[in-house]
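Hi everyone, thanks for coming. Let me put the structure up, and then we can walk through it together.

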Amino acid sequence: MKRPPRTTDATTTTTDDAALDATFEALADADCRAILAAAATPKTTSELADECDIALSTAYRKVELLSETPLLAEGVRFDPDGDHAAEYVRDAADAALELGDDGVALTVENGGTDPLAAALDAPGVSAD
């Protein structure tokens with residue numbers, strides 16, 4: 001289950017049990033935390049695997065898990081030769097957990113990075 005497309009809001013509030021479970025599972029995993037640290041700038045899964053010193057197959061599984069949370073945003077790295085690749089960037093600057101009478105809510109302040117906009121700002125790339 002992929003998370004819904006990113007909105008223009010600066011925060012994302014999650015109360016859905018599946019999304020909360022995925023977020024807590026990711027935060028409890030050392031490889032996922034390493035990927036989040038490495039994804040301060042946009043990177044492909046291969047680059048994340050190399051930087052985190054984990055197997056590429058593991059990196060793909062962890063990125064898939066993180067993609068189900070509001071913590072990691074997916075974008076596209078455009079290549080002038082037409083060989084585009086998915087890239088990922090940490091999409092959380094801050095998070096708050098609220099325990100209330102209605103249950104648990106996780107509010108994540110987005111990091112302000114829009115991978116698609118960043119890709120379109122790359123030299124030699126045009127939206128035309």
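Before we start, a word on burial: a residue is buried under 20% relative accessible area, exposed over 50%, and partly exposed in between, with a 1.4 Å probe and protein chains only. With that in hand, take Leu99: its relative accessibility is 68%, so Leu99 counts as exposed.

Some housekeeping. This is a predicted model, where local features need pLDDT of at least 70 and side-chain atom pairs count only at pLDDT 80 or more, while totals for chains, interfaces and linings use all residues. Numbering runs from 1 along each chain as its sequence is written, and side-chain values use heavy atoms, with hydrogens and water left out.

Now the overall layout. The chain has five helices and five strands, in the order β-α-α-α-α-β-β-β-β-α. Those are DSSP runs numbered from the N terminus: helices are H or I with at least four residues, strands are E with at least two. Of the 128 residues, 34% count as buried.

Back to Leu99, which sits in strand β4. Together with Phe24, Leu27, Leu97 and Val104, Leu99 forms a nonpolar surface patch with about 440 Å² of accessible area. Helix α1 and strand β4 (94–100) each give two or more residues to that patch. Patch members have over 30% relative accessible area and no salt bridge; nonpolar side chains (Val, Leu, Ile, Met, Phe, Trp, Tyr) are joined within 5 Å, like charges within 9 Å. Areas come from the Shrake-Rupley method with a 1.4 Å probe, and for residues only the protein chains shown count as cover.

On to charges. How many salt bridges does the structure hold? There are four, each a side-chain nitrogen of Lys or Arg within 4 Å of a carboxyl oxygen of Asp or Glu.

Lys62 pairs with Asp29, with the closest N and O atoms 2.7 Å apart. Lys62 is in helix α4 and Asp29 in the loop between α1 and α2, so this pair ties together parts 33 residues apart in sequence. Both Lys62 and Asp29 are buried.

Next, Glu87 bridges to Arg77, the closest N and O atoms being 2.9 Å apart. Glu87 belongs to strand β3 (residues 85–90) and Arg77 to strand β2 (residues 72–77), so the link joins parts ten residues apart in sequence. Glu87 is buried at 6% relative accessibility, whereas Arg77 is partly exposed at 28%. Through shared partners, salt bridges join Glu47, Arg77 and Glu87 into one network.
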